[in-house]
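Work through the exercises below with the sequence and the 3D view side by side. Try each task before reading its solution.

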Amino acid sequence: MAKRAFTFPGQGSQAVGMGKDLAEAFPEARAVFAEVDEALGQKLSVLMFEGPDETLRLTANAQPALMAVSMAVVRVLA
């Protein structure tokens with residue numbers, strides 16, 4: 001069996017709009033963002049999709065946002 005590896009981005013690569021195209025195109029991605037929003041008790045997806053950038057750049061937001069997009073990609077590829 002072929003082995004696969006994934007490399008995910010780290011803090012500093014976050015940007016307003018991240019994951020939005022993925023969410024619009026794939027229900028699996030939308031589900032991940034909804035799960036993250038629910039788990040955090042806030043609409044992180046709205047912050048990711050619409051900003052503002054200075055709030056998204058905060059570590060408390062950037063780290064879960066990057067994880068959410070990474071997991072959305074994994075779910076879409078599955």
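**Exercise 1. Salt bridges**

Task: Decide whether D53 is buried, partly exposed or exposed, then find its salt-bridge partner.

Solution. The model is a predicted one.
Step 1. D53 has a relative accessibility of 31%. Buried would require under 20% and exposed over 50%, so D53 counts as partly exposed.
Step 2. The salt-bridge partner of D53 is R57, and their closest N and O atoms are 2.7 Å apart. A salt bridge requires such atoms to be within 4 Å.
Step 3. R57, at 45% relative accessibility, is partly exposed.

Task: How many salt bridges are there, and which residue pairs with R75?

Solution. 
Step 1. The count comes to 2 salt bridges.
Step 2. R75 pairs with E35, with 2.9 Å between the closest N and O atoms.
Step 3. R75 belongs to helix α5 and E35 to helix α2, so this pair ties together parts that are 40 residues apart in sequence.
Step 4. R75 has a relative accessible area of 38% and is partly exposed. E35 is partly exposed, with 42%.

**Exercise 2. Aromatic pairs**

Solution. 
Step 1. There are 2 aromatic pairs.
Step 2. The ring centres of F6 and F8 are 6.2 Å apart, and the angle between their planes is 15°. Planes under 30 degrees apart count as stacked, so the pair of F6 and F8 is stacked.
Step 3. F8 has a relative accessible area of 40%, which makes F8 partly exposed.

Task: Describe the pair formed by F33 and F49, and say where its two members lie.

Solution. 
Step 1. The centres of the F33 and F49 rings are 5.5 Å apart, with 90° between the planes. The arrangement is edge-to-face, the cut-off being over 60 degrees.
Step 2. F33 is in helix α2 (residues 27-40) and F49 in helix α3 (residues 44-50). The pair links distant parts of the chain, 16 residues apart.
Step 3. Both F33 and F49 are buried.

**Exercise 3. A nonpolar patch**

Task: Which residues make the nonpolar surface patch of about 390 Å²?

Solution. 
Step 1. The patch is made by F6, F8, V73 and L77.
Step 2. V73 lies in helix α5. Its relative accessibility is 32%, so V73 counts as partly exposed.
Step 3. Patch residues need over 30% relative accessible area; V73 has 32% and F8 has 40%.

**Exercise 4. Two buried polar residues**

Task: Is N61 buried or exposed, and what does its side chain approach?

Solution. 
Step 1. N61 is part of helix α5 (residues 59-77).
Step 2. With a relative accessibility of 10%, N61 counts as buried.
Step 3. A polar atom of the N61 side chain lies 2.8 Å from the backbone oxygen of T55.
Step 4. Leaving aside residues up to four places away in sequence, N61 touches Q42, L44, L47, T55 and L56.

Solution. 
Step 1. With residues up to four places away in sequence set aside, D37 touches Q42, K43, L44 and S45.
Step 2. The C-alpha atoms of D37 and P64 are 10.0 Å apart, the two residues being 27 residues apart along the chain.

**Exercise 5. Backbone and distances**

Task: Which two residues are joined by a cis peptide bond?

Solution. 
Step 1. The bond joins G51 and P52, with omega at about 15°.
Step 2. P52 is found in the loop between α3 and α4 (53-56).

Solution. 
Step 1. From A39 to V69 the C-alpha distance is 15 Å, over 30 residues in sequence.
Step 2. A25 and L47 are 19 Å apart, C-alpha to C-alpha, and 22 residues apart in sequence.

Note on methods
Residues are numbered from 1 along each chain as its sequence is written. This is a predicted model: local features need pLDDT of at least 70, side-chain atom pairs count only at pLDDT 80 or more; totals for chains, interfaces and linings use all residues. Side-chain values use heavy atoms; hydrogens and water are left out. Helices (H or I, at least four residues) and strands (E, at least two) are DSSP runs, numbered from the N terminus. Buried means under 20% relative accessible area, exposed over 50%, partly exposed in between (1.4 Å probe, protein chains only). A polar contact is a pair of N or O atoms within 3.5 Å; within protein, one must be able to donate a hydrogen and the other to accept it, and residues adjacent in sequence count only if both atoms are side-chain atoms. Contact means heavy atoms within 4.5 Å. Rings of Phe, Tyr and Trp (its six-membered ring) pair if their centres lie within 6.5 Å; planes under 30 degrees apart count as stacked, over 60 as edge-to-face and the rest as tilted. Patches are made of residues with over 30% relative accessible area and no salt bridge: like charges are joined within 9 Å, nonpolar side chains (Val, Leu, Ile, Met, Phe, Trp, Tyr) within 5 Å. Accessible areas come from the Shrake-Rupley method with a 1.4 Å probe; for residues, only the protein chains shown count as cover. A salt bridge is a side-chain nitrogen of Lys or Arg within 4 Å of a carboxyl oxygen of Asp or Glu.
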